[in-house]
Amino acid sequence: VGILVPTGRLSPSECRQIADLADAYSGGEIRLTVEQNIILPNVDGAKIDDLLAAPALNGNSRLKATPGKIEGNLVSCTGAQFCGLALIETKQNAERMIQELENLVEVDYPIRIHWTGCPNSCGQVQAADIGIMGAPARKEVDGKNVAVPGCKIFVGGRIGEDAHLALEPVKDKVPLDDLLPELVDILKTEFGARDKIKSI
């Protein structure tokens, strides 16, 4: 059973919850994926419903066994909080923005969005459907053109037999404050996303 760990970051209490799930359902075994998520292997088929109903995977928990098609494929480098090379904070921005995208649009198939804080590309943005790389940007604030956290956007990276690296950004110097509408537009024009219909 796969478990989403948003941006690959776990709190101590979430680590304990995962350990408890592993003890209860997978013989204490936990596997980590290159997409920064977790797999509990060898879960007894008769216990899957109980595992999926566990409080650690439901309610307000960040951990999910059935994530959305956008949030389930998010990858993020360490970012500026713990890396001196990063130009932006990736993990908090990525998690917040992915949740907003999940609320705004729906897609028919998984979309891989990777974040990296600098050109070293630890988040492998060139191999993602949409890659976001920290970069300098400027924005008018109170009548002055000031430096703000920004990014470059890459589109069209692929993995697998028809692998392709998106080596040139489609947009540059995008302030992070202006990124969400840019991502919505890219998801609609390049990946067939539709506005999510809100229930009343």
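Two strands count as paired if DSSP finds at least two bridges between them. Helices (H or I, at least four residues) and strands (E, at least two) are DSSP runs, numbered from the N terminus. Residues are numbered from 1 along each chain as its sequence is written. You are looking at a predicted model, in which local features need pLDDT of at least 70 and side-chain atom pairs count only at pLDDT 80 or more, while totals for chains, interfaces and linings use all residues; side-chain values use heavy atoms, leaving out hydrogens and water.

**Stop 1: a sheet of three strands**

Select S1, S3 and S2, which form an open sheet in that order, with antiparallel pairing. S1 (2-3) and S2 (31-32) are the edge strands: each has a single partner strand, so one side of each lacks a neighbour in the sheet. Now zoom in on S1 and S3 (residues 38-39), joined by two bridges. Here Ile3 has Ile38 of S3 as its bridge partner.

**Stop 2: helix H1**

Next, select residues 12-25. This is H1, with 14 residues; from first C-alpha to last it reaches 20 Å, close to the expected 20 Å (the expected span is 1.5 Å times one less than the number of residues).

Which residues of H1 are buried? Colour Glu14, Ile18, Leu21, Ala22 and Tyr25 to see them. They sit on the same side of H1, because they cover an arc of only 100 degrees around the axis (the arc uses the directions from the helix axis to the C-beta atoms). Buried means under 20% relative accessible area, exposed over 50%, and partly exposed in between (1.4 Å probe, protein chains only).

The buried residues pack against S1, S3 and helix H2 (48-52), where contact means heavy atoms within 4.5 Å. Turn to the face away from the buried side and you will find exposed Pro12, Arg16, Asp20 and Asp23. Just past H1, stop at Gly27, whose phi is positive, about 60 degrees.

**Stop 3**

Find Met133 opposite Lys152 of S8. Two residues lie between the strands of this hairpin, where Asp142 has a positive phi near 55 degrees. S8 also pairs with S9 (residues 171-175), antiparallel over three bridges; there, Gly150 has Pro175 as its bridge partner.

**Stop 3: the cysteines**

Cys151 is buried, at 0% relative accessibility, while Cys83 is partly exposed at 27%.
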